[in-house]
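Please show the model that we are to read together. The dialogue then takes up its features one at a time.

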Amino acid sequence: MFLYNHWYVAAWSTEISRTPLARTLLNEPVALYRTEAGAVVAMEDRCPHRRVPLSGGKVIGDRLQCSYHGLQFDTEGACVRIPGQDMIPPTACVKTYPVVERYRWAWIWMGDPAKADPELIPDFHWMTDENWGAKGDLFHVHANWQLIVDNLLDLTHLAFVHESTIGNAAVAEHAAVKVTRKPNNVLVSRWVIDKPAPPTYVKAGGFTDNVDRWQFIDFTPPAFLRLHVGATPTGTGAPEGNMTGGIHMRNLNCITPETENTTHYFWAQAHDFEPGNAAVTDMVFEQVKTAFLEDVDIFEKQQRSIEAHPEAPQIDINADSGGIQARRILERLHAAEVTEREAAKKSQIAAE
């Protein structure tokens with residue numbers, strides 16, 4: 001179940017160069033490269049002549065040249081040169097996709113280009129804000145993208161999967177949880193009051209006594225999750241709204257389906273304490289990366305289990321509330337897209 005009329009992260013900006021980058025997105029092969037002026041081009045990674053991947057070719061000027069017979073395609077996807085012949089068939093073209101660079105990522109629109117409004121790109125300003133230190137990574141995960149969404153909306157797993165870094169028993173046993181759903185948004189608010197800080201928080205904030213800890217998880221479709229997490233010493237007023245002091249971090253997640261069973265997981269961790277200190281940024285990043293690699297191991301085990309026994313029963317518990325609400329939003333949006341596509345096909349057939 002993919003949503004097409006949405007922005008997705010296709011790559012870190014630093015991944016894209018004058019050498020074509022091959023990436024499968026929503027089951028579609030895409031080639032990404034930069035023009036001489038530095039603009040990003042995203043086009044179907046398949047030459048219409050003999051269907052060789054264009055990403056195996058090279059960039060000449062602003063054109064992408066196929067490695068097999070040298071056909072060249074401009075930034076709009078039109079074939080503009082065929083060695084050995086002057087006449088170029090009008091069908092010699094490939095699909096191109098709208099791309100916007102923002103927040104250190106290249107965003108791609110896989111659906112109707114007419115609907116690709118850059119204003120619809122969600123806010124991830126912490127990635128480039130000088131008041132925050134931020135560092136991220138990309139995981140290629142052998143699991144369905146919705147398993148990652150479910151995981152991030154249910155943080156009770158921190159107590160069991162990440163006890164050496166960002167978790168402890170308090171997040172599962174003593175959290176006050178509230179789930180708020182809007183038409184295209186789910187917000188899960190979690191408070192853990194007067195409990196020991198987990199190991200990563202102790203390293204980052206130097207806490208020696210109990211803390212009041214919050215976890216705010218903001219989901220927007222198709223798969224963007226922005227977490228505001230942090231802690232202050234117990235009794236300093238954080239639950240009442242005085243969240244100054246202590247530590248604040250933003251965990252930023254952009255989940256892009258590759259296929260039904262594999263996912264590009266773009267993520268970053270931002271912090272507001274010592275934002276210009278690269279050593280602190282690296283420490284926070286490495287701690288979270290360690291935790292996230294533990295998550296990846298869980299996702300991939302889940303996927304193998306699901307594929308081996310797809311009809312096995314599954315139950316829900318209280319902690320699944322946020323994930324259930326997110327899936328309902330995704331199902332509604334998917335049904336609306338399917339209906340719209342079917343209506344467009346009928347209109348086209350009638351016109352012909």
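This is a predicted model: local features need pLDDT of at least 70, side-chain atom pairs count only at pLDDT 80 or more; totals for chains, interfaces and linings use all residues.

Q: Which residues does the annotation "domain: Rieske" cover?
A: UniProt positions are given in the numbering used here, with feature names shortened, and annotations may be inferred rather than shown by experiment. The unreviewed UniProt entry places this domain at residues 7-108. Over residues 7-108 the chain is 0% helix and 43% strand, where helices (H or I, at least four residues) and strands (E, at least two) are DSSP runs numbered from the N terminus. The end C-alpha atoms of this stretch are 6 Å apart.

Q: How is a nonpolar core to be read, and which residues of the largest one touch the most other members?
A: In soluble globular proteins, nonpolar side chains tend to be buried together. A nonpolar core is a set of buried Ala, Val, Leu, Ile, Met, Phe, Trp, Tyr and Cys residues joined through side-chain atoms within 4.5 Å; buried means under 20% relative accessible area, exposed over 50%, and partly exposed in between (1.4 Å probe, protein chains only). The largest core here has 59 residues, of which Ile-108, Val-149, Leu-225, Ile-255 and Tyr-265 touch the most other members. Helix α5 (residues 278-308) supplies the largest share of this core, eight residues. A second, separate core of 21 residues includes Trp-109, Ala-134, Cys-254 and Ala-270.

Q: How many salt bridges are counted?
A: Side chains of opposite charge can pair when their charged atoms come close. A salt bridge is a side-chain nitrogen of Lys or Arg within 4 Å of a carboxyl oxygen of Asp or Glu, and the count comes to ten. Among them is the pair Glu-15 and Arg-23, at 2.9 Å from N to O. Glu-15 is partly exposed at 27% relative accessibility, whereas Arg-23 is buried at 10%.

Q: Where in the chain do Lys-289 and Asp-137 lie?
A: These two side chains form a salt bridge at 3.4 Å, N to O. The pair links distant parts of the chain, with Lys-289 in helix α5 and Asp-137 in strand β12 (residues 133-141), 152 residues apart. Lys-289 is partly exposed, with a relative accessible area of 23%.

How values were computed: Residues are numbered from 1 along each chain as its sequence is written. Side-chain values use heavy atoms; hydrogens and water are left out.
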